[in-house]
Amino acid sequence: MSPTNYLLLSGLLFTVGAIGVLVRRNAIVVFMCIELMLNAVNLSLVTFARMNGQLDGQVMAFFVMVVAAAEVVVGLAIIMSIFRTRRSSSVDDANLLKY
Amino acid sequence: MNTAVMNTAVMNTAPDTGGNVMLLVLLLLPVLGALLMYPLRTNVPLAKAVAMATALLEFVLVVVTWVGYSTDAASSGERFQYVFSVPWIPAFGTHLAFGIDGIALVMIALTAFLVPGLMLFAWAEKLPEGRTASGYFALLLATQATLMGVFTATDVFLFYVFFEAMLIPMYFLIGRFGGPNRQYASVKFFLYSLLGGLIMLASLIGLYVTSADQLGAGTFTWSDLQSIAQSTPTSTQIWLFLGFFVAFAIKAPLVPFHTWLPDAGAEAPIVAAVLLVGVLDKVGTFGFLRYCLPLFPQASQVLAPLVLVLAVIGIIYGALLAVGQKDMSRFVAYTSIAHFGFIALGTFAFSSQAFAGATLYMVNHGLSTGMLFVMVGLLVARGGSRLMSDYGGVSKLAPLLAGCLLLAGMSSLALPGTNSFVSEFLVLVGSFPREPVATIIATVGIIFAALYILWFYQQTMQGPVRGNAVIRALEAGGVGGPGAMIDPAVAAERGSGFPDLTKREIGVLAPLIVVIVVLGFFPGPVLDVINPSVQSTITEVGLPDPVPAGGVVGGVR
Amino acid sequence: MTAPPEVLPATGAGSLAWLLFAIPAVSALVLFLAGKRANAWGHVLGVASVLASFVLGVVIFVQTLGVAPDQRTTELSLYSWISSGTLDVDFGLRIDPLSLTFVLLITGVGSLIHIYSVGYMAPHAGAEPSSDSSRRRFFAQLNLFVAAMLVLVLGNNFVLLYLGWEGVGLASYLLIGFYQDRPSAATAAKKAFLMNRVGDVGLALAIFVLWLNLGTLQYTEVFARVGELSGGTILAITLLLLLGACGKSGQFPLQSWLPDAMEGPTPVSALIHAATMVTAGVYLIARTNPIYDLTPTGRVVVALIGVVTLLIGAVIGCAYDDIKKVLAYSTVSQIGYMILAVGLGPAGYALGIFHLLTHGFFKAGLFLGAGSVMHAMNDDVNMRNFGGLGRRMPITFVTFGCGYLALIGFPFLSGYFSKDAIIEAAFGQEGWQGWVYGLAATLAAGLTAFYMTRLMIMTFFGEERWRNLKAPDGEDYHPHESPPVMTGPMIVLAIGSVFAGFVLSAVGLNQWLAPSLGELQESPAGVLPHALVPWLVLACSALGVLVAYLVVGRRPTPVQRPEPVSFPVRAARRDLYANAFNETVIERPGIWLTRALVFLDNRGVDGLVNGLAAGLGGGSARLRRLQTGFVRSYALSMLGGSVFVVAALLAVRFA
């Protein structure tokens with residue numbers, strides 16, 4: 001199967017994730033969309049590694065996974081604490097940090 | 001000739017293994033003193049004593065440095081003495097390199113001379129709410145340290161670092177210890193100077209790139225950069241020159257860039273104002289002499305008319321504005337703008353007399369304006385107001401104070417017999433051969449100098465006793481306005497609300513007076529130190545001294 | 001032109017010449033620094049220091065007399081003062097007949113006036129203690145003046161001359177403003193300093209031109225080589241020097257500070273503003289005679305300035321009622337004579353110095369006499385309040401009378417010898433110059449006789465108008481003779497006024513000055529025979545005296561100043577509108593310019609800076625509105641940015 005299809009899938013997943021981030025208000029959903037984008041990138045990294053016959057991309061994908069895992073831990077903790085204080089998980093409600 | 005100069009310049013490049021640590025000591029001693037202020041912050045008397053001891057020790061060390069400085073070696077082409085150099089950031093070719101020529105030597109001597117006196121002045125000063133004397137003295141010492149660094153650095157990058165670092169303690173001195181409008185003044189001072197510094201940084205990087213092109217490896221070492229100065233294309237030089245020039249013109253300040261000075265000078269506490277106008281601003285004119293002229297000789301010559309126009313405008317404009325001022329500190333600041341015009345005129349007139357005069361002017365202006373600021377401070381300490389109209393007829397109440405003010409004023413208007421005359425004469429006589437028109441206008445400026453000084457003196461000192469601050473002080477039998485700082489005990493002891501000078505104040509003024517008069521009649525020792533370095537600068541610029549038409553050498557003997 | 005005399009190093013007493021100014025300078029320093037402690041003995045030190053200088057001056061003078069005339073010019077180099085590059089200014093002294101003449105005048109008349117001041121400045125009985133300090137301060141400043149004036153005349157180069165030049169300016173400033181709490185004194189002092197500085201600019205520029213062209217500033221070398229310069233340069237130098245002389249000597253157009261300078265104590269008027277400092281301009285031109293020799297045009301300008309000034313001074317002197325101001329305008333006029341004399345060139349240099357010396361005696365004597373009158377009349381200066389004082393103060397009357405006769409050129413008194421010689425030399429010029437100079441000088445001699453006679457009559461003769469008046473301080477007048485410490489110097493000066501002219505011309509002042517000024521050339525026949533001139537001048541002066549007697553002496557003087565008066569009197573009372581001119585043309589526009597510039601600086605230059613800052617601040621305030629706090633809009637902008645970057649990269653790649 002042509003690697004192009006993987007890349008197309010990756011792009012599709014990324015677009016879905018990006019649109020999700022932009023249109024959804026629920027913090028958990030936004031968060032999952034971000035994960036989706038990260039994994040879309042991972043997919044393209046692995047694909048490129050395969051295409052170029054090098055392991056760099058695959059290694060990079062592992063890095064991304066590790067960082068993503070760490071990020072999930074921190075991010076979910078933040079979302080939890082916001083939810084506890086404001087009784088809401090909408091990202092538009094947490095808009096105090098502005099001009 | 002150029003190759004010979006280049007060779008010596010290259011050979012003079014400091015070894016990278018250290019060298020004479022004297023200048024390092026001069027730099028680090030005030031830093032140490034400033035740091036000591038922190039643990040001593042609860043014990044104010046001890047803190048003051050330690051600060052004073054540090055300043056005095058620094059002064060002694062500078063005297064030792066002066067004694068050890070060899071004018072013979074300087075005459076025979078040794079550009080810097082007390083050289084010290086170790087690599088700093090090898091990737092950028094920067095060094096922690098120090099060294100002094102005669103010009104730098106007199107500037108560090110001026111700094112070290114002024115600081116102990118200023119500390120004595122600040123000894124009993126009433127500080128704003130919540131500020132401690134130890135913090136005040138620490139900032140003074142920190143300012144002194146950065147000044148020592150900026151004058152002794154022989155690596156252009158290091159110079160830049162000190163040039164910017166200077167702003168920090170001065171910013172806090174003005175912003176924390178200044179007058180009512182101190183926030184505005186300190187921010188304006190900081191931003192204005194920083195802007196100039198950043199433009200200089202751009203030029204600095206350009207200079208580095210140029211040196212990399214010509215020498216193969218980029219360098220920030222002054223003597224290496226100087227050795228390629230003559231071979232750098234004039235168009236490049238002009239851009240690089242302008243970057244440095246803007247920074248120095250803001251610092252000095254020359255006329256369109258001057259408006260920060262009256263604000264900063266007026267709002268700064270007196271000691272900071274003396275250091276600011278007396279020494280810190282001289283970094284601008286020092287920069288002209290040390291960096292602009294030798295590193296960009298062709299550009300300096302091409303752009304000299306521009307600078308001369310600014311200088312001459314400054315002389316007249318500053319003087320006229322000084323006449324129109326109502327605030328005494330702003331008045332002194334504007335007189336300084338006129339004086340900086342003279343220094344700039346001498347610097348861009350390219351003759352050894354003018355260069356020597358400009359250098360000596362830097363020292364003398366520090367002394368005379370310093371004394372003028374101190375006198376203003378003494379008046380404000382009694383009356384609590386900076387407005388001229390709040391004072392009048394003071395000579396009747398405090399004749400000694402009035403006499404000292406007059407002497408400071410006479411030095412400021414360059415009366416022969418005071419220090420400033422020698423420098424002003426040298427600047428004018430040296431500028432006349434090359435720039436007759438500018439010199440004539442500048443000479444007319446001496447009338448205005450007399451005008452503003454005498455007008456100031458007449459308003460505040462002569463005539464019948466009058467003015468809100470004076471009357472209030474006399475009626476209260478204690479001290480004057482809300483900002484008055486004179487010790488009520490002193491006032492009571494003298495039986496007057498407007499007492500004459502105290503012993504401590506005389507102690508502050510006496511050294512200044514002695515130096516002002518002695519340098520007026522015996523400028524020789526200072527000129528001897530300056531002259532060889534001035535000759536080197538002349539050589540680096542590459543313009544011959546404008547020999548008088550008769551071609552007579554020597555003469556009045 | 002004769003070859004300049006050889007310059008020898010000073011020997012013997014000459015090598016101590018630096019003490020001449022060092023002694024008064026140290027004395028001034030001690031008096032300034034010692035403070036109240038010196039109140040008791042300050043005046044003694046002040047007098048002693050000037051006397052010591054005088055004695056030393058006499059010793060050097062005698063020693064110089066003992067050598068041949070061509071060896072009388074000596075120099076003494078003390079140390080290198082200002083040295084840079086090829087410029088090397090020595091602190092060096094030139095001891096020659098000209099400077100020694102001035103040294104003797106300054107220290108001699110100076111000593112007498114110091115002694116007089118002991119009495120004049122003595123604290124009033126029961127005065128507050130601070131007035132004690134004032135006498136010490138006065139002597140300190142007077143000593144400072146003597147020191148500076150001696151530096152001025154002794155320096156062997158133009159820079160040292162400039163040091164003395166501005167030094168006497170400072171002393172003059174301090175002493176005019178001595179009564180500091182009087183606003184008028186403070187203003188007069190400032191005015192004097194400023195107008196002097198205008199002249200100083202000329203002197204400074206002359207120095208620069210000399211340096212540019214000759215590369216030296218020492219008299220000997222300048223004079224030796226000044227001939228190499230082009231005529232235009234020489235003319236420029238002489239005119240610039242003349243500007244300096246005009247400022248210091250109160251010559252047109254810078255004359256208006258001198259009458260105002262009478263705000264100072266009277267001994268100051270006598271010493272500084274009559275006998276010595278104001279003659280420095282004459283000294284300058286006489287000293288630089290080798291330069292003036294080369295430029296007839298320059299000399300014509302000098303002489304014309306002198307002519308204009310001597311007329312202005314004489315005309316205004318006729319209108320004032322203030323005794324010191326009349327004497328002041330008389331001084332302006334007499335210095336005009338001296339300037340005219342030195343403007344005549346080799347035929348006049350020595351005559352100018354001659355008149356300067358005799359004038360030093362009689363004008364100092366007149367001022368001291370005026371001071372004595374003021375002392376007696378509660379410090380009043382208005383002559384309309386005087387009258388009949390001759391009987392009350394006989395010594396003052398007689399000494400003043402000697403000075404008066406000497407000034408109007410009474411035969412065989414001092415002024416007769418010196419002023420007539422100048423007028424003779426003036427008529428000795430060819431063509432229009434001879435007529436203009438000569439007639440103006442003769443006319444002014446008549447006017448001098450008029451205003452001085454008027455002064456004498458109003459002060460010493462006539463009815464005792466003061467009997468029915470109160471002094472300005474509210475007391476009755478009690479005229480009385482002054483103490484001996486004041487009359488003594490007046491007597492000495494009166495003797496000088498009578499005999500100085502005769503003695504000086506008998507012992508050959510002109511030959512004595514020849515090594516410095518060149519031989520005095522006999523003036524050519526000119527437009528009027530020399531034998532006729534004395535008679536003409538005498539007639540003119542007699543006419544002046546007669547008119548004054550008819551106008552003032554024969555009818556009672558009104559105590560109130562008569563108004564209205566004819567235009568010439570009105571103009572003269574207003575100083576021929578010199579002050580009005582200065583005020584309208586310089587002062588008012590200057591004030592407006594200053595105000596406009598202050599406004600421009602605060603609003604324009606600083607406004608630009610602050611405007612820039614405000615603009616940045618305002619822009620930022622708008623931009624921060626983009627920071628909405630909505631995470632998703634940030635994400636959208638990030639996405640947009642990324643898309644833009646990628647698009648740009650692709651466009652560059654594939655375009």
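**Figure 1. Helix 14 and helix 16 of chain B pack with their axes 10 Å apart.** This is a view of a predicted model. The angle between helix 14 (residues 282–295) of chain B and helix 16 (residues 328–347) of chain B is about 0°. The two helices of chain B are therefore roughly parallel to each other, since an angle under 35 degrees counts as such. Helix 14 of chain B brings Thr285(B), Phe288(B) and Leu289(B) to the contact. Helix 16 of chain B meets them with Phe340(B), Ile343(B), Ala344(B) and Thr347(B). By class, the contact of helix 14 of chain B with helix 16 of chain B holds 5 nonpolar and 2 polar residues, and no charged ones.

**Figure 2. Helix 15 of chain B crosses helix 24 of chain C.** Angles of 65 to 115 degrees count as roughly perpendicular, so helix 15 of chain B is roughly perpendicular to helix 24 of chain C. From helix 15 of chain B, the contact uses Tyr317(B), Leu320(B), Leu321(B) and Val323(B). From helix 24 of chain C, it uses Leu593(C), Thr594(C), Leu597(C), Val598(C) and Asp601(C). The residues of this contact divide into 7 nonpolar, 1 polar and 1 charged.

**Figure 3. Chains B and C share the most contacts of the 2 pairs of chains in contact.** Chain C gives 53 residues and chain B gives 52 residues. On the side of chain C that touches chain B, the elements giving two or more residues are strand 2, strand 3, helix 5 (158–176), helix 6, helix 7 (219–225) and helix 24 of chain C. Helix 6 of chain C gives the most to this side, with 16 residues. By class, the side of chain C that touches chain B has 26 nonpolar, 16 polar and 11 charged residues. Chain A and chain B, in turn, are joined by no contact. The closest C-alpha atoms of chains A and B lie 23 Å apart.

**Figure 4. Helix 6 of chain C is mostly covered.** Of the 32 residues of helix 6 of chain C, 25 are buried. Helix 6 runs over residues 183–214 of chain C. At 1.5 Å a residue, helix 6 of chain C should span 46 Å, and its end C-alpha atoms are 46 Å apart, so the two values agree. Gly215(C) follows helix 6 of chain C. The phi of Gly215(C) is positive, near 70°.

**Figure 5. In chain B, 3 strands form an open sheet in the order 1-2-3.** The pairing is antiparallel. Strand 1 (18–19) and strand 3 (94–100) of chain B are the edge strands, each pairing on one side only. Strand 2 (residues 81–89) of chain B is joined to strand 3 of chain B by 6 bridges. Pro87(B) stands opposite His95(B) in strand 3 of chain B. Helix 2 (residues 22–36) of chain B packs on the sheet, where it touches strand 2 and strand 3 of chain B. The direction of helix 2 of chain B makes about 70° with that of strand 2 of chain B.

**Figure 6. Strand 2 of chain C pairs with strand 1 of chain C and with strand 3 of chain C.** Strand 1 (residues 8–9) and strand 2 (residues 74–84) of chain C pair in the parallel sense over 2 bridges. Pro9(C) has Glu75(C) in strand 2 of chain C as its bridge partner. Strand 2 and strand 3 (residues 87–95) of chain C run antiparallel, joined by 9 bridges. Here Ser83(C) stands opposite Asp88(C) in strand 3 of chain C. Strands 2 and 3 of chain C form a hairpin with 2 residues between them. Gly85(C) lies in the turn and has a positive phi of about 55°.

**Figure 7. Ser75(B) lies 8.3 Å from Asn531(B), C-alpha to C-alpha.** In sequence, Ser75(B) and Asn531(B) are 456 residues apart. Ser75(B) belongs to helix 4 (residues 71–75) of chain B. Ser75(B) counts as partly exposed because it has 15 C-beta neighbours inside 10 Å.

**Figure 8. Arg554(C) sits in a loop of chain C.** The loop runs between helix 22 (532–553) and helix 23 (567–573) of chain C. Arg554(C) is exposed, with 9 other C-beta atoms within 10 Å; 12 or fewer is the cut-off. Gly462(C) is 92 residues from Arg554(C) in sequence, and 8.9 Å away in space, C-alpha to C-alpha.

Notes: Residues are numbered from 1 along each chain as its sequence is written. Chains are lettered from A and ligands numbered from 1 in the order in which they are written. This is a predicted model: local features need pLDDT of at least 70, side-chain atom pairs count only at pLDDT 80 or more; totals for chains, interfaces and linings use all residues. Axes are lines fitted to C-alpha atoms, for helices over the stretch in contact, and angles run from 0 to 180 degrees between N-to-C directions. Helices (H or I, at least four residues) and strands (E, at least two) are DSSP runs, numbered from the N terminus. Angles under 35 degrees count as roughly parallel, over 145 as roughly antiparallel, 65 to 115 as roughly perpendicular and the rest as oblique. Two residues are in contact if their C-beta atoms, placed from the backbone, lie within 7 Å. Ala, Val, Leu, Ile, Met, Phe, Trp, Tyr, Cys and Pro count as nonpolar, Asp, Glu, Lys and Arg as charged, and the others, Gly among them, as polar. The expected span of a helix is 1.5 Å times one less than its number of residues. A residue is buried if 20 or more other C-beta atoms lie within 10 Å of its own, exposed if 12 or fewer, and partly exposed in between; C-beta atoms are placed from the backbone. Two strands pair if DSSP finds at least two bridges between them.
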